[in-house]
Amino acid sequence: MIKHGQAISNPILIIPARMQATRLPGKPLADIAGKPMIVHVWERAMESRLGRVVVAAAEQEIVDVIAKAGGEAMLTDAYLPTGSDRIYQVLCKLDPEQSHDAVINVQGDVPTLESKYIRTAYETLQHSGADIATLITPIVNPGDIAATQIVKAVVEIEEGKQTGRAHYFTRVAAPWGDGPYYCHVGLYAYRRAALERFVKSPRSTLEQREGLEQLRALAIGLRIEAALIDTLPLGVDTPEDLEKARRVLGKKHG
């Protein structure tokens with residue numbers, strides 16, 4: 001049984017990465033401003049200064065690239081179905097003594113993510129007493145509200161607050177009525193026990209229907225707290241996204 005509100009103090013940051021992306025194969029090694037994309041993500045995680053950073057790699061090429069950059073990476077089993085399974089396998093191998101009480105899952109395809117937002121997720125987990133913390137940002141483009149590729153978070157945020165409890169995640173426009181819509185930013189901070197329970201639970205019906213892994217956490221009763229941030233980091237899923245990331249980071253490092 002997970003005890004809510006227990007103090008956490010020793011996080012580990014794990015970045016899942018694999019070469020076999022459907023829309024952009026090989027994207028972890030795609031060059032952006034002179035560096036592979038996965039190296040940019042690793043650097044942002046290191047800049048957060050929260051703790052140990054490890055890349056959970058499905059292929060040896062990724063391990064080699066991170067090692068060349070001076071980082072730590074571990075090869076995972078190729079059959080693992082999700083990034084969550086990948087980070088849990090690495091956690092169990094690296095830390096059988098369970099010294100790390102929190103795990104931050106930094107997505108390997110968000111090279112524009114600012115390190116301060118990684119800290120925001122961890123601090124939200126630390127202070128809210130939730131099982132999982134994640135990030136959301138207001139949707140500003142009306143056309144994005146109905147776009148199914150943009151995941152909406154239904155979150156209860158009290159006036160004057162910057163965090164709130166997540167009740168649902170969906171690809172359709174929700175909730176009904178006047179008020180803000182929130183885009184989900186796929187970065188997670190887990191209490192260790194919550195991550196273990198999550199990966200050992202079967203996929204839920206709504207998770208399979210919506211294609212959203214976080215719905216499994218809600219289905220098994222885990223509490224997700226979402227923190228508001230003011231910028232949507234650019235995720236790289238398509239060649240067009242990759243070109244955008246190259247422009248953004250090219251200017252930053254130019």
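1. Strand β1 (residues 11-17) runs parallel to β6, and four bridges join the two; strands count as paired if DSSP finds at least two bridges between them. Within this pairing, Ile 12 stands opposite Val 103 of β6. Strands are DSSP runs of E with at least two residues, helices are runs of H or I with at least four residues, and both are numbered from the N terminus.

2. The model is a predicted one, in which local features need pLDDT of at least 70, side-chain atom pairs count only at pLDDT 80 or more, and totals for chains, interfaces and linings use all residues. Residues are numbered from 1 along each chain as its sequence is written, and side-chain values use heavy atoms, with hydrogens and water left out.

3. β6 also pairs with strand β10 (residues 182-191), in the antiparallel sense and over four bridges. Here Ile 104 stands opposite Ala 189 of β10.

4. Strand β6 (residues 102-105) is covered on both faces. Ala 102 and Ile 104 on one side, and Val 103 and Asn 105 on the other, are all buried (under 20% relative accessible area; exposed is over 50%, partly exposed in between; 1.4 Å probe, protein chains only).

5. The peptide bond between Ala 174 and Pro 175 is cis, with omega about 5°. Pro 175 lies in the loop between β9 (163-170) and β10.

6. Two non-glycine residues with positive phi deserve a check. Ala 33, in the loop between β2 (31-32) and β3 (35-36), has phi near 55°; Ala 33 is partly exposed, at 36% relative accessible area. Arg 49, in the loop between α1 (37-47) and β4 (52-57), has phi of about 55° and counts as exposed at 74% relative accessibility.
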